[in-house]
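Hi everyone, thanks for making time for this.

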Amino acid sequence: GLINNAAVFRPFLVKDATNQQIDTIIDTNMKGAVHCARAAVPLLRKDGIIINIGSETVASRVAMFSIYQASKGGLERFTRALQQELDPEGIRVTLVRACKMFDEDYTWDVDTETMQKFFEENAKRGINQRKQPIASFASAGAQIGWLVNLPPDVQVTEMLLEARFA
């Protein structure tokens with residue numbers, strides 16, 4: 001199988017974005033998944049699986065993620081089209097709309113000024129990023145193993161993972 005999990009998510013306002021910021025997100029989050037899927041399809045046999053990792057932000061009002069959200073929204077549409085294309089070959093395609101995930105040793109490489117603006121812009125939308133539930137990478141990642149090991153007579157086309165306060 002193939003798990004398309006690569007992602008770049010850097011907060012910025014579109015009006016302040018550089019071409020490189022936009023290209024990096026689109027190239028990694030959208031084009032990268034398409035290229036990897038295209039390369040994997042000839043290698044997959046019946047009952048193979050492609051899992052594309054999306055983001056809960058496509059359905060949220062979070063600020064400063066418009067290009068990220070657009071890339072993950074495009075990935076969702078690509079996943080649905082790929083499901084239809086590969087179903088006759090017996091290859092399963094699943095979208096996992098993932099929740100916010102961090103682990104203690106993870107650091108988000110965003111400068112202090114941008115981080116402050118990110119919190120301020122989200123506060124304007126009524127979102128307090130510091131009070132949002134966050135799942136661990138291991139908790140969310142365990143669901144991938146479950147998807148890969150599904151019996152061949154069933155398919156999960158979409159999975160929504162939501163973080164919660166434990």
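This is a predicted model: local features need pLDDT of at least 70, side-chain atom pairs count only at pLDDT 80 or more; totals for chains, interfaces and linings use all residues.

C36 has a relative accessibility of 38%, so it lands in the partly exposed class. C99 has a relative accessible area of 8%, so that one is buried.

Four strands make an open sheet, and you can read the order off as β1-β2-β3-β4, with parallel pairing. On the edges sit β1 and β4, each pairing on one side only. On average, neighbouring strands here are turned by 15 degrees against each other, if you ignore direction. In general, strands of a sheet pair through backbone hydrogen bonds, either parallel or antiparallel.

Let me zoom in on one pair. β2 and β3 run parallel and are joined by seven bridges. As an example, N52 has L95 in β3 as its bridge partner.

What packs on this sheet? Helix α1, residues 19-40, does, and it touches β1 and β2. The direction of α1 makes about 175 degrees with that of β1. Then there is α4, which also packs on the sheet and touches β1, β2, β3 and β4. For α4, the direction makes about 150 degrees with that of β2.

I'd like to stay with α4 for a moment. It covers residues 137-148, and at 1.5 Å a residue its 12 residues should span 16 Å; the end C-alpha atoms are 17 Å apart, so the two agree. Which residues are buried in α4? They are A140, I144 and L147. Looking down the axis of α4, its buried residues fall within an arc of 65 degrees, so they line one face of the helix. Those buried residues pack against β1, β2, β3 and β4.

Last stop: two loop residues. D47, in the loop between α1 and β2, has a phi near 75 degrees, which is a positive value in a residue other than glycine. M64, in the loop between β2 and α2, has a positive phi too, near 70 degrees, and is likewise not a glycine. Buried or exposed, or something in between? D47 is at 36% relative accessibility, so it counts as partly exposed, whereas M64 is at 6%, so it counts as buried.

Terms used:
Residues are numbered from 1 along each chain as its sequence is written. Side-chain values use heavy atoms; hydrogens and water are left out. Buried means under 20% relative accessible area, exposed over 50%, partly exposed in between (1.4 Å probe, protein chains only). The expected span of a helix is 1.5 Å times one less than its number of residues. The arc is that of the directions from the helix axis to the C-beta atoms. Contact means heavy atoms within 4.5 Å. Two strands pair if DSSP finds at least two bridges between them. Axes are lines fitted to C-alpha atoms, for helices over the stretch in contact, and angles run from 0 to 180 degrees between N-to-C directions.
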